[in-house]
Amino acid sequence: MDIRRRPPEPSIPHHHHQMPPLLPTPSPAAAKASDALPLPLPLNITNCFFFTLFFSVAYYLLNRWRDKIRTSTPLHVLTFYELAAISSFIASFIYLLGFFGIDFVQSFTSRSSNDAWELENDDEQIFFRDEDRKIHCPVPSLITNKPESMDISVTPLPLKDDEELVKSVVSGGIPSYSLEYKLGDCFKAASIRREALQRLTGRSIEGLPLEGFDYDSILGQCCEMPVGYVQIPVGIAGPLLLNGCDYSVPMATTEGCLVASTNRGCKAIFASGGATSVLLRDAMTRAPVVRFASAKRATELKFFLEDPLNFDTLTVVFNKSSRFARLQGIQCAIAGKNLYIRFSCSTGDAMGMNMVSKGVQNVLDFLQNDFPDMDVIGISGNFCSDKKPAAVNWIEGRGKSVICEAIINGEVVTKVLKTTVPALVELNMLKNLTGSAVAGSLGGFNAHAANIVSAIFLATGQDPAQNIESSHCITMMEPVNDGKDLHVSVTMPSIEVGTVGGGTQLASQSACLNLLGVKGASKESPGSNAQHLATIVAGSVLAGELSLIAAVAAGQLVKSHMKYNRSSRDVTKLGS
């Protein structure tokens, strides 16, 4: 069979992980408990502190004991300072015992337990042979988090060539989903799965790239059972002058005209002095649904959750599972015996769905103490509402709520946008406002906000499905300065973005975030990078809205798409 493989590099074993040759490692018996402690200087200071604390507190307690005996005071009657001294004595004793005691015990047990250590190590690692070279491949820790329906064995496969592995997958002898764990090589697993897929379906996927992608980076977090990756071109719109800063906005799209149109909007904004964007709110939501035996009992929980006197307690319970999750509010909706509880919280620089779900679970467990008859139907009851158009997101907001505005000079409207201020105002009213109302639109009072949001989401590693609520937008245009200039704004109540986690850690998406200056988590101000990204999304939508409305008003839409969105290739000559 012909499975493409990456060419081996000189002096490096041909293996996806490209790990250095194994070096002789000391037996665990030789390892000391103090090996993992801090560097010498802070370690010496720490030891001196606990030695001093131990003997000082012991001396103090002995004196107090003697004084109590002299004054016939019961020994069990303790003052605050005596309690503090006893606590310090116990803490220093535990530290000194842990530091010196473990090394002492290990010195006696290391020789007799050496064989046992080696057996335990054998259980923690697997060796695979690749071109007569041994490669150390740790068993992925994520195997412990596999779905219950997946029976993935970590037992290494016996030596087989690629052809035998493909046949085993095709016949069902080896489950396709277990290849990464059985082979210990994500790239090879994708290659085997790819070939097996082509044989099972009888169709070629030759045009789908395989090489040139880090499959280790998606294991257990981005995509299961990969067979390749899809290429989406990334264009740059800008500079977008927003809040006094220039941004080159990456947009991943296959729609011709989109980047060019957004770029024209950026040009108009830049020529008019820039746009201003303001973050109104930052709160991710999750809404579980619980059920009681009666509607009366459900209302009792509703009143309990909405009582301000209980909020501080619920906040402590909610926040305990994360350094960044901070409960902001609880909103309840009731339907018969069912109660929908919408929790909203800040989530730092993460988009935050997992973070808020953990906090919600903490509160539900806590509520079971006072409401043991509460039946938790689901951690999400769609009152959140995630990845669906919903009025609650449009009204209350979800994620980042942002407004962005600009005043476009009348001369720029004429020269750059090729139209007039009255024409833009009229079209926006009849199309984006009246037309959307006639259509019964929910959060869709705009020209094409979803176009820009989707393109930026794909480029920066966001969840593409959350484009649904993130594209909620109302575009407003009004004449100002006696009708000479144009005031344009976009209000977007639910932009759901993050700069850590998910697809943001992939190399390409991480590069796009770095281009915008919002890569990773902000150390100085946690959450500011994600908030900054949301304002850039809103600014880009403003540029896209401005350009498209101008194109429609000037009658240029069809002409532009015929020029930029039509291929000159003869599709009849393309292979199937």
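The legends below describe several close-up views of one predicted model. Residues are numbered from 1 along each chain as its sequence is written, and side-chain values use heavy atoms, with hydrogens and water left out. Because the model is predicted, local features need pLDDT of at least 70 and side-chain atom pairs count only at pLDDT 80 or more, while totals for chains, interfaces and linings use all residues.

**View 1. A salt bridge joins E163 and R199.** The N to O distance between the two side chains is 2.9 Å; a salt bridge is a side-chain nitrogen of Lys or Arg within 4 Å of a carboxyl oxygen of Asp or Glu. E163 lies in helix α4 (residues 162-171) and R199 in helix α6 (residues 186-201), so the pair ties together parts that are 36 residues apart in sequence. Helices (H or I, at least four residues) and strands (E, at least two) are DSSP runs, numbered from the N terminus. E163 is partly exposed at 21% relative accessibility, and R199 is partly exposed at 35%. Buried means under 20% relative accessible area, exposed over 50%, and partly exposed in between (1.4 Å probe, protein chains only). A network of salt bridges links E163, K167, E195 and R199. In the whole structure, 18 salt bridges are found.

**View 2. R398 and E496 form a salt bridge.** The closest N and O atoms of this pair are 2.9 Å apart. R398 is in the loop between α11 (391-396) and β10 (399-408), E496 is in the loop between β13 (485-495) and α16 (507-516), and the pair links these distant parts of the chain, 98 residues apart. Both R398 and E496 are buried.

**View 3. R297 and D373 meet through their side chains in a salt bridge.** Their N to O distance is 2.8 Å. R297 belongs to helix α8 (residues 295-306) and D373 to the loop between α10 (353-370) and β9 (375-378), so the pair ties together parts that are 76 residues apart in sequence. D373 is partly exposed, at 37% relative accessibility.

**View 4. Helix α10 contains buried residues.** Among them are M353, V356, V360, V363 and L367. The cover over the buried residues of α10 includes β5 (276-286), β6 (289-291), α8, α9 (308-319), β8 (338-346) and β9. At 1.5 Å a residue, the 18 residues of α10 should span 26 Å, which agrees with the 27 Å between its end C-alpha atoms; the expected span is 1.5 Å times one less than the number of residues.

**View 5. The rings of F187 and Y215 form a tilted pair.** Their centres are 6.2 Å apart and their planes stand at 50 degrees. Rings of Phe, Tyr and Trp (its six-membered ring) pair if their centres lie within 6.5 Å; planes under 30 degrees apart count as stacked, over 60 as edge-to-face and the rest as tilted. F187 is in helix α6 and Y215 in the loop between α6 and β3 (234-242), 28 residues apart. Both F187 and Y215 are buried. Ring pairs link F187, F213, Y215 and Y229 into a cluster.

**View 6. N529 is a buried residue of helix α17.** This helix comprises residues 528-553, and N529 has a relative accessible area of 12%. Leaving aside neighbours within four places in sequence, the contacts of N529 (heavy atoms within 4.5 Å) include D349, T499, G517 and K519.
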